[in-house]
Amino acid sequence: MSIDDIERFCLQLPGAHKRVQWGGVHVFSVGERKMFATLHLSGAGALAFKVDDDHFLGFCDRPGFRPAPYLARARWVSLDRPGVVAAAELKDLLTRSHQLVVARLPKRQRVGLLL
């Protein structure tokens with residue numbers, strides 16, 4: 001997936017919005033500013049997102065994945081080159097990240113955001 005494809009897909013998820021922070025990092029959030037993905041436009045476009053706690057270490061062992069700087073304690077991984085992962089798998093990972101974040105929102109904010 002290209003950077004534009006990733007942005008379009010993230011913004012299609014229920015309640016998702018984008019803001020630019022930290023010197024050009026595109027931050028995708030849901031609810032009241034709860035991040036579910038970040039896209040660094042410098043270089044090849046590093047992508048970071050939340051994964052299930054049980055799968056975090058497995059992702060860190062996969063080639064191309066690593067613990068996301070500053071967010072690893074919250075079980076986020078970083079993918080330096082999103083193009084190395086098949087588009088279908090990347091969409092599933094981003095959707096799962098979105099759903100993990102939505103599940104932690106207050107009940108009144110979750111309405112209509114769960115897939």
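I began with charge and found 17 positive and 11 negative side chains in the protein chain, the centres of the two sets lying 8 Å apart. I counted Lys and Arg as positive and Asp and Glu as negative, leaving out His and the chain ends. I placed each charge at NZ of Lys, CZ of Arg, CG of Asp or CD of Glu.

The model is predicted, so local features need pLDDT of at least 70 and side-chain atom pairs count only at pLDDT 80 or more, while totals for chains, interfaces and linings use all residues. Residues are numbered from 1 along each chain as its sequence is written, and side-chain values use heavy atoms, without hydrogens and water.

**Fold and overall dimensions**

I noted four helices and six strands in the protein chain, in the order α-β-β-β-β-α-β-β-α-α from the N terminus. These are DSSP runs, numbered from the N terminus: helices are H or I of at least four residues, strands E of at least two.

I looked up the radius of gyration: the protein chain has 13 Å, which agrees with the value near 13 Å for a compact globule of 115 residues. This radius is taken over C-alpha atoms, and the globule rule is 2.2 Å times the number of residues to the power 0.38. The C-alpha atoms fill a box of roughly 40 × 30 × 25 Å along the principal axes.

**Core**

Buried residues are 44% of the 115; buried means under 20% relative accessible area, exposed over 50%, and partly exposed in between (1.4 Å probe, protein chains only). I took a nonpolar core as a set of buried Ala, Val, Leu, Ile, Met, Phe, Trp, Tyr and Cys residues joined through side-chain atoms within 4.5 Å.

The largest nonpolar core has 26 residues, and Phe36, Phe49, Phe65, Val77, Leu90 and Leu94 touch the most other members. Helix α3 gives the most to this core, with five residues. Apart from it I found another core of six residues, including Val25 and Trp76.

For leucine 94 I set aside neighbours within four places in sequence and listed contacts with Ile6, Phe9, Cys10, Leu13, Phe36, Ala37, Leu47 and Phe49. Contact means heavy atoms within 4.5 Å.

**Lysine 91**

I then turned to lysine 91, which lies in helix α3. Lysine 91 counts as partly exposed because its relative accessibility is 36%. With neighbours within four places again left aside, lysine 91 is in contact with Met1 and Phe9. From lysine 91 to phenylalanine 36 I noted 55 residues in sequence and 13 Å in space, C-alpha to C-alpha.
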